[in-house]
Amino acid sequence: FDFLNALPKAILSHPNTTFVTPTEILLSKEPVGELDVPHVLSWADTERDLSAWTGNQMQQSALQELYAMEESVIKTNNKDILEDWRKLQTSDHFYYMCTKWFADGDVHKYFNPYESPYEAYIAYMNAVQDLAWRIREVSERSKDGRITLDYKT
């Protein structure tokens with residue numbers, strides 16, 4: 001932490017050196033060309049595609065359940081439910097459900113807090129069902145078209 005604390009001052013001690021945001025860099029330069037990327041790219045696994053997150057039926061089922069809730073989540077007008085629904089979209093949840101083997105599987109196992117992809121799926125679906133229950137609770141308590149939640153998760 002001492003290093004990180006001293007780093008900005010050390011960088012700024014060099015002449016003509018500053019910090020800029022990615023947007024500031026983009027606005028200061030002219031494009032040199034166009035890059036066509038017709039397919040989704042990923043850093044993960046040998047395929048470099050979305051199969052680490054959507055490559056098996058557990059992942060696809062989990063995503064389908066999650067996205068099917070969108071309209072109900074929005075209708076609750078409840079920030080806690082919306083925030084939890086967004087957190088359930090974090091890619092790590094689906095990565096933990098990956099069933100790839102060999103070199104890719106070793107990487108998945110190393111970063112996975114679950115004993116198996118199936119265990120990750122069960123834990124995730126329990127969280128999704130809990131959120132669905134909370135949405136139903138809020139909907140049953142709604143009055144005059146406004147939905148509120150009177151307890152925190």
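**Entry 1: the fold**

Helices here are DSSP runs of H or I with at least four residues, and strands are runs of E with at least two, numbered from the N terminus. With that noted, I read along the sequence and found the pattern α-α-α-α-α-α-α-α-α. I counted nine helices and zero strands in the protein chain. I keep in mind that this is a predicted model.

**Entry 2: confidence**

I looked up the pLDDT next. Its mean over the protein chain is 87. I also noted that 87% of the residues reach 70 or more. Where does pLDDT stay under 50? I found that stretch at residues 147–153. The model has 19 contacts beyond four places in sequence for these residues. Where pLDDT is low, the predicted coordinates should not be read in detail. I therefore leave the details of such coordinates alone.

**Entry 3: the chain as a whole**

I checked burial over the 153 residues of the protein chain, and 29% of them are buried. The accessible surface comes to about 11,700 Å². Carbon and sulfur atoms hold 57% of that surface. I then turned to contacts between residues at least 6 apart in sequence. Of these, 56% join residues at least 24 apart.

**Entry 4: the start of the chain**

I went to Leu4, which sits in helix 1, residues 2–12. Is Leu4 buried or exposed? Leu4 has a relative accessible area of 52%, so I list it as exposed, because the cut-off for exposed is over 50%. Leu4 also belongs to a nonpolar patch on the surface, along with Phe1, Phe3 and Leu7. Together the four have about 520 Å² of accessible area.

**Entry 5: Leu82**

I found Leu82 in helix 6, residues 79–87. Its relative accessible area is 24%, so I list Leu82 as partly exposed.

**Entry 6: Asn112**

My last stop was a loop residue. Asn112 lies between helix 8 (102–110) and helix 9 (117–141). Why does Asn112 count as buried? Its relative accessibility is 15%, and buried means under 20%. Which backbone atoms does the Asn112 side chain reach? I found the backbone oxygen of Tyr96 at 2.9 Å. I also found the backbone nitrogen of Tyr114 at 2.9 Å.

Terms used
Residues are numbered from 1 along each chain as its sequence is written. This is a predicted model: local features need pLDDT of at least 70, side-chain atom pairs count only at pLDDT 80 or more; totals for chains, interfaces and linings use all residues. Side-chain values use heavy atoms; hydrogens and water are left out. Buried means under 20% relative accessible area, exposed over 50%, partly exposed in between (1.4 Å probe, protein chains only). A polar contact is a pair of N or O atoms within 3.5 Å; within protein, one must be able to donate a hydrogen and the other to accept it, and residues adjacent in sequence count only if both atoms are side-chain atoms. Patches are made of residues with over 30% relative accessible area and no salt bridge: like charges are joined within 9 Å, nonpolar side chains (Val, Leu, Ile, Met, Phe, Trp, Tyr) within 5 Å. Accessible areas come from the Shrake-Rupley method with a 1.4 Å probe; for residues, only the protein chains shown count as cover. A salt bridge is a side-chain nitrogen of Lys or Arg within 4 Å of a carboxyl oxygen of Asp or Glu. pLDDT is the predictor's confidence in each residue, from 0 to 100. Contact means heavy atoms within 4.5 Å.
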